[in-house]
Amino acid sequence: MLLIPFIRANKTEVIARLAIKNFHNTELIDQVLQLDDLRKNLQQELDELLAEANSIAKQIGLLFKEGKTEAAAVLKARNSQIKEKTKELNQKLAETKDQLNEKLVEIPNLPHESVPPGKQASDNITVHEEGIIPKLPENAVPHWDLISKYDLIDFELGNKVTGAGFPFYKGKGARLQRALINFFLDEAIKAGYQEVQPPLMVNEASAFGTGQLPDKEGQMYTIGADKLYMIPTAEVPVTNIFRDVILQEKELPVKTTAYSSCFRREAGSWGKHVRGLNRLHQFDKVEIVEVVHPETSYQTLEAMKAHVAGLLQKLELPFRILRLCGGDMSFTSALTFDFEVYSAAQEMWLEVSSVSNFESFQANRMKLRFKDNNGQINLAHTLNGSALALPRIVAALLENNQTDDGINIPKALQPYTGFERID
RNA sequence: GGAGAGAUGGCAGAGUGGUUGAAUGCGGCGGUCUCGAAAACCGUUGUUCGCUUUAUAGUGAACCGGGGGUUCGAAUCCCCCUCUCUCCGCCA
């Protein structure tokens, strides 16, 4: 969430920049500022009363020691009255804080100045494109046909055991998955990220910390009996490692990578865009997360992009990078680049990674700070990116590398798969 | 799941109603000493919110797992919740 003093000092700019994200609720901004004023007034009033009560209580203590019980009784009565007032004020203050927070949390992050305006995916800007789109054989087919031809993934079985969108990976299909996970993790470790294996469920506070709550409750699977949420991405448990943490400046940057299964309800999507591996309820992903000094977060964003691009180059996949427009960006992001690979048989670009700088938005929500060398406490910046999401990578690998009698595995991956071809 | 014990500052650990934001030790930071370092010694050491002609300053308030209560006054008494540990049961 945004800092109130910042909103107050830059109200016009805040409104203008939120408009890029198609957020036009200026009333909400005003309400936040008004509630904050009220909060301050109540705080002041309450503090004064409490100060008086404290001093009287001390006097009573002294009077008792001197045996002046009558004088003490007078003060006691006075303090009882003050106490009634503080109770009232306290309640008002708590209510005001709740209301303020409720509103504040509804204001999205400000987009970076380089974010183009726009309403939907078609307004995104392609900033980079590389790799060769392969010429497929005459009888080339989409990955779902290849998957059944070589018996790599069983959707029907997943359907039986769990439901649509929860496939079984089998044989070389399963081994390809495992190879990709190890490849991605090893590359991340080489780039200086520390590996963690996070829990696959998180509590409410964590889901709030990274911004899934209160907004996107519907996106997550919930474990109602235990008030837990299945993670939609490893970003959630990994970033929340740092919730309520004050780091030392010299500890920055903190670079973390994690492999996890991800669970997304994604209700209401049908058609060929969700066919095969294009969209699943459970999928695997390797995520990279960084906590950095505010001054270096945009350099870090570039480094993360380079890392993701390197992975796709090694996998020999044609890809492009998009600068997301205001309307297509997430609530929490300040600047996001999407990576899409070309899936040659579907003749479609598939999103395989999203790399974002959240600046201090998440950090403010989860109170992730660092103490600088002058002893000052500041909010850190957080970033994350997929490096990479598996299913669509698998789809593109299968389609782009198909031949009449098999599928070739890219060289970089062969040490991990232990085989060079699927046939 | 059953029984018991506990939750205090970065860590360890005192504190059972009245200048206790909290002894002491360790760690951290600054200094003295030293060519330098170690040792020793001295000093310092949390977070949040408010106010003060925004001040690496002053001042008020809050915080001893979380929430509520008793009291003029609570880390200290009472209630609820959460978590941790030990033993038993179960289990990979």
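A disulfide is a pair of cysteine sulfur atoms within 2.5 Å. I searched the whole structure on that definition and found zero disulfides.

I note that this is a predicted model, in which local features need pLDDT of at least 70 and side-chain atom pairs count only at pLDDT 80 or more, while totals for chains, interfaces and linings use all residues. Residues are numbered from 1 along each chain as its sequence is written, chains are lettered from A, and side-chain values use heavy atoms, with hydrogens and water left out.

**Cysteines.** I looked up Cys262, which is buried (under 20% relative accessible area, 1.4 Å probe, protein chains only; exposed is over 50%, partly exposed in between), with a value of 0%. I then looked up Cys325, and it too is buried at 0%.

**Domains.** I find chain A divided into domain 1 (4–104) and domain 2 (121–422), with bounds from an automatic or database domain assignment. Their centres, taken over C-alpha atoms, are separated by 44 Å.

**Cores.** I looked for nonpolar cores, sets of buried Ala, Val, Leu, Ile, Met, Phe, Trp, Tyr and Cys residues joined through side-chain atoms within 4.5 Å. The largest has 57 residues, and Leu312 and Phe339 are among those touching the most other members. Apart from this core lies another of 19 residues, including Leu2 and Val105.

**Helix 12.** I took helices as DSSP runs (H or I, at least four residues), numbered from the N terminus. Ten of the eleven residues of helix 12 (residues 390–400) are buried, so this helix is largely enclosed by the rest of the structure. Among the buried residues I list Leu390, Ile393, Glu399 and Asn400.

Note on methods:
Helices (H or I, at least four residues) and strands (E, at least two) are DSSP runs, numbered from the N terminus.
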